[in-house]
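Have a go at each task before you read its solution.

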Amino acid sequence: SECWGIILDVYLIFTVIFRFLGKLKGRYYDDKGNPTKYLKGVEAKAARGAQLLEKQKVEEAKLPSCNSRWSQEEGSEVWCDSGYPRLVQRPLEIALTGKMSKRCACFSEDELGQPGLEVYGGCDHLAKVCRL
């Protein structure tokens, strides 16, 4: 998930900026400074999270995102320059965070029959702009 990426970023910052003094014996390193199974598990999860994030970016690039704006006077709205706004699930999000999330993507009229596409509440099926 994004958390693993942040942890990895912090780890890289510490290894570049700070002078190495040693390894702290405990959960992640044994008394000889060797990685424990817990550290190897964290590294494997971080690598898997990075792979899933990259895969999610590739998949999301195939579907153009909706435009959106918000104002205090008018509230939120989403629209597509070409196509119709729909909520679509992010299937990899479950693997990354354990939660399901959705995003707005634009679909052509002939793609609207695909399973898993959700029309915004209160929005007409063929509306190109939806007020939320």
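This is a predicted model: local features need pLDDT of at least 70, side-chain atom pairs count only at pLDDT 80 or more; totals for chains, interfaces and linings use all residues.

**Exercise 1. Find which helices each supply at least two residues of the lining of the largest pocket, and describe that lining.**

Step 1. Helix H1 (2-17) and helix H2 (37-61) each supply at least two lining residues. Helices here are DSSP runs of H or I with at least four residues, strands are runs of E with at least two, and both are numbered from the N terminus. A pocket is an open set of points on a 1 Å grid over the protein atoms alone, where a 1.4 Å probe fits and protein lies on both sides within 12 Å along at least five of seven lines; lining residues have an atom within 4 Å of a point.

Step 2. H1 gives the most to this lining, with six residues.

Step 3. In total, 22 residues line the pocket, and Tyr11, Phe14, Thr15, Tyr29 and Leu39 lie nearest its centre. The space inside comes to about 710 Å³, taken as the volume filled by probe spheres set on the grid points, which are joined across faces, edges and corners.

Step 4. Sorted by class, the lining has 14 nonpolar, three polar and five charged residues. Ala, Val, Leu, Ile, Met, Phe, Trp, Tyr, Cys and Pro count as nonpolar, Asp, Glu, Lys and Arg as charged, and the others, Gly among them, as polar.

Residues are numbered from 1 along each chain as its sequence is written, and side-chain values use heavy atoms, with hydrogens and water left out.

**Exercise 2. Work out how many salt bridges the structure holds, and trace the ones around arginine 131.**

Step 1. The count is four, where a salt bridge is a side-chain nitrogen of Lys or Arg within 4 Å of a carboxyl oxygen of Asp or Glu.

Step 2. Arginine 131 pairs with glutamate 74, with their closest N and O atoms 3.6 Å apart. This pair links distant parts of the chain, 57 residues apart: arginine 131 is in strand S5 (residues 129-131), and glutamate 74 is in the loop between strand S1 (67-71) and strand S2 (75-79).

Step 3. Arginine 131 also meets glutamate 77 in a salt bridge (2.5 Å, N to O). Glutamate 77 lies in strand S2 and arginine 131 in strand S5, so this pair ties together parts 54 residues apart in sequence.

Step 4. Arginine 131 is exposed at 51% relative accessibility, and glutamate 74 is exposed at 52%, whereas glutamate 77 is buried at 4%. The cut-offs are under 20% relative accessible area for buried, over 50% for exposed and partly exposed in between (1.4 Å probe, protein chains only).

**Exercise 3. Locate the salt bridge between lysine 102 and glutamate 118 in the fold.**

Step 1. Their side chains meet at 2.4 Å, N to O. Lysine 102 lies in strand S4 (residues 102-107) and glutamate 118 in the loop between S4 and S5, so the pair ties together parts 16 residues apart in sequence.

Step 2. Lysine 102 is partly exposed at 39% relative accessibility, and glutamate 118 is partly exposed at 34%.

Step 3. Elsewhere, salt bridges with shared partners join Arg69, Glu74, Glu77 and Arg131 into one network.
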